[in-house]
Amino acid sequence: MILINLLPHREIARKRRKEWFNVSLGLSVFVGGLVAGLIFLWFQSQISTQQDQNQLLQSEIGKFDLQIKEIAGLEGEIAALLARQQAVENLQADRNMPVHLLTELVQQLPDGVYISSLRQDGQNVALQGVAQSNERVSELLRNLANNSPWFSRPELVEIVAGSVNLSPRDVRRVSNFQIRVKLVRATEARQKPASGASATAAPAASR
């Protein structure tokens, strides 16, 4: 016997495909939402971890900034203490400078040279005197430059020809001179070699 299916099979198959499509679409949406949620939670976790690390770094940077400020303050205090110590040492050294000035000046004066005026202003010394000749002035400049650690940079300011009356019939020609020289502090004198550079100026011709 021949069996004939009179049911609308095409409509039933179409309905089944539509139902399966809807189920697949729903599953896809669910899986996509689940994946998106997991990714969102992972990103949130990474952001939170990074923020915690940033806060920790900011806290450590703040501590380092405070330490740097403290170190800078200590360096300033040390520099101020060293400056005060140097000032005290200079005062102590300067207290003995007139003694060294007179002692060394007497030792370095050549024969035939006489000092008539001496003026000290800090480490600068101005000398005025009389010499028998220009050669004696040159010798004095060399002695001040080379033979004493207490003098440096002697400079001839002026030399003028003059005369001295030893008696009514005995008139001698002399050289009146002015010299500038720097007096060295004790701390510098200990480091200065016995022989230095030559005098910075030579005596000029007599006028």
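Is V184 buried or exposed in this structure? V184 is buried, with a relative accessible area of 5%; buried means under 20% relative accessible area, exposed over 50%, and partly exposed in between (1.4 Å probe, protein chains only). The structure is a predicted model, in which local features need pLDDT of at least 70 and side-chain atom pairs count only at pLDDT 80 or more, while totals for chains, interfaces and linings use all residues. Residues are numbered from 1 along each chain as its sequence is written, and side-chain values use heavy atoms, with hydrogens and water left out.

**Overall architecture**

- The protein contains 4 helices and 4 strands; helices (H or I, at least four residues) and strands (E, at least two) are DSSP runs, numbered from the N terminus.
- Read from the N terminus, the order of these elements is α-α-β-β-α-β-β-α.
- Of the 207 residues, 20% count as buried.
- Among contacts (heavy atoms within 4.5 Å) between residues at least 6 apart in sequence, 64% join residues at least 24 apart.

- V184 is located in the loop between β4 (170-183) and α4 (186-189).
- R153 is 31 residues from V184 along the chain, and the C-alpha atoms of the two are separated by 10.0 Å.

**Helix α1 and the aromatic pair**

- V31 belongs to helix α1 (residues 9-95) and is partly exposed, with a relative accessible area of 46%.
- The structure holds 1 aromatic pair.
- This pair is formed by W42 and F43 and is edge-to-face, at 5.1 Å centre to centre with 70 degrees between the planes.
- Rings of Phe, Tyr and Trp (its six-membered ring) pair if their centres lie within 6.5 Å; planes under 30 degrees apart count as stacked, over 60 as edge-to-face and the rest as tilted.
- F43 counts as partly exposed, at 45% relative accessibility.

- Strands β1 (residues 113-121) and β2 (residues 124-131) run antiparallel and are joined by 8 bridges; two strands pair if DSSP finds at least two bridges between them.
- S117 stands opposite Q128 in β2.
- The hairpin has 2 residues between its strands, and G122 takes a positive phi near 70 degrees.
- In a regular strand, side chains alternate between the two faces of the sheet.
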